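Here is a short report on one protein chain. Please keep the sequence and the structure in view while reading.

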Amino acid sequence: MWKEGVVPGVPAEKVTGTVIDVTKTFESGAVYHWWEKDGWYETTVGGGFLRVRDEGDGFVYEAEGVPEEEVVRFLGLGDDLGGVADAVEGDPVAEEAFRRQYGLRVPRDDPFASVVSFIASAQSRNERTRGVVRGLCEKHGETRDGWAAHTFPSPEEVASLGEERLRELGFGYRGPYIVETARSIADGDVCPGGLRTAPYTEAHDELKRLKGVGDKVADCVLLFSLGFIGVVALDTWLRRIIDEHYPGLVGGTYEETARAFRDRFGGYGGYVQTALYHEARVGDLGM
DNA sequence: CGCCAGGCCTTAC
DNA sequence: GTAAGGCATGGC
């Protein structure tokens, strides 16, 4: 059983109910529209501007137009890391990833930004996707004096940009998908932000109505934007990890394997997946 | 040059 | 429902 203040390999003073490793959280690839400036990680939340950085054993933030409860929600600070610790107990691979990536949070990005970003992420490297999304924001979003961050353009704005413009910005063959999806959301045909309280399967299927959104992208949006922290997004990295470390889960359909992995971690599968992903990319899982 | 990247869409069984 | 092929673009 996990005890407050006890995480192997982590200094006791770093273990609190609201601990966060800001660097890990932003670098983990859950959010694509952020700017690093003077040691801060800047982004926009609900039209307001936010910057966060690690400091000492905790973190600090500055915000313009973002209420504190929105900062807490965006950063996932209400999520119970003790629950995650309990969930990974007895699973050496997940335990190690959780310990090494301790403080990595699952954020709640803006739903439209998340949908577009993850459509753009298909068959593209994380760093490249981030650059393309950032370019979209810098060319068509808004900023303020003293900030590097730019807002994510609205669904109506993105829809009006058109395929050619998106292709110029580097979205490649995903441009048409993004235009159609932005149009669907602008018209209210699909409302991602309204799915936060829906049952998982219903929300997943609803997101898949959007062009360019399949099983994996839908799960990423549910996890990194809509607060479904138990959801596992089965990407190439997690598939590789499963092939290597979870032989019993290999060979099923997307739905079967994702559900089997999810069910191992009692409602915290998304936290486990995020830690494993970041660990595989920057850590030492031998990938 | 070929292969791969936080997959998805269309088409053909 | 399942399997193949195509797909923009850049890094290696």
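## A glycine in a loop

Is Gly39 buried, partly exposed or exposed? The model is a predicted one. In it, Gly39 has a relative accessible area of 44%. Buried would need under 20% and exposed over 50%, so Gly39 counts as partly exposed.

Gly39 sits in the loop between β1 (35–37) and β2 (40–45). Arg100 is 61 residues away from Gly39 in sequence. The C-alpha atoms of Gly39 and Arg100 are 22 Å apart.

## A buried threonine

Thr129 belongs to helix α6, which covers residues 126–140. Its relative accessible area is 1%, so Thr129 is buried.

Which residues does Thr129 contact, beyond its neighbours within four places in sequence? They are Tyr32, Ser117, Ala120, Ser121 and Ser124. With Ser124 there is also a polar contact between the side chains, at 3.3 Å.

## Nonpolar cores

The largest nonpolar core holds 76 residues. Phe171, Leu207, Tyr246 and Phe261 touch the most other members. A second core is separate and has 14 residues, among them Leu50, Val71, Phe74 and Leu77. In soluble globular proteins, nonpolar side chains tend to be buried together.

Phe261 has a relative accessible area of 0%, so this residue is buried. Leaving out residues up to four places away in sequence, Phe261 touches Val232, Leu238, Ile242, Tyr246, Leu249, Val272 and Leu276.

## Aromatic pairs

How many aromatic pairs does a search of the whole structure find? The count is 13. Phe118 and Phe224 make a stacked pair, with centres 5.8 Å apart and 15° between the planes. This pair links distant parts of the chain: Phe118 is in helix α5 (residues 111–120) and Phe224 in helix α10 (residues 215–224), 106 residues apart. Phe118 is buried at 2% relative accessibility, and Phe224 is buried at 6%.

Tyr246 and Phe261 pair edge-to-face. Tyr246 lies in the loop between α11 (236–245) and α12 (254–263), whereas Phe261 is in helix α12. Tyr246 has 5% relative accessibility, so it counts as buried.

Phe26, Trp34, Tyr41 and Phe74 form one aromatic cluster. Phe74 is also listed in the second core. Arg134 lies over the face of Trp34, 5.6 Å from the ring centre.

Which ring lies under the charged end of Arg51? It is the ring of Trp147, with its centre 4.0 Å away.

Notes: Residues numbered from 1 in each chain as written. Chains lettered and ligands numbered in written order. Predicted model: local features only at pLDDT ≥ 70, side-chain atom pairs only at ≥ 80, totals over all residues. Heavy atoms only, no water. Helix = DSSP H or I, 4+ residues; strand = E, 2+ residues; numbered from the N terminus. Buried < 20%, exposed > 50% of the residue type's maximum accessible area, 1.4 Å probe, protein only. Polar contact = N/O pair within 3.5 Å; in protein donor to acceptor, adjacent residues only side chain to side chain. Contact = heavy atoms within 4.5 Å. Core = buried A, V, L, I, M, F, W, Y, C linked by side-chain atoms within 4.5 Å. Phe/Tyr/Trp six-rings, centres within 6.5 Å; stacked < 30°, edge-to-face > 60°. Lys NZ or Arg CZ within 6 Å of the ring centre and 35° of its normal.
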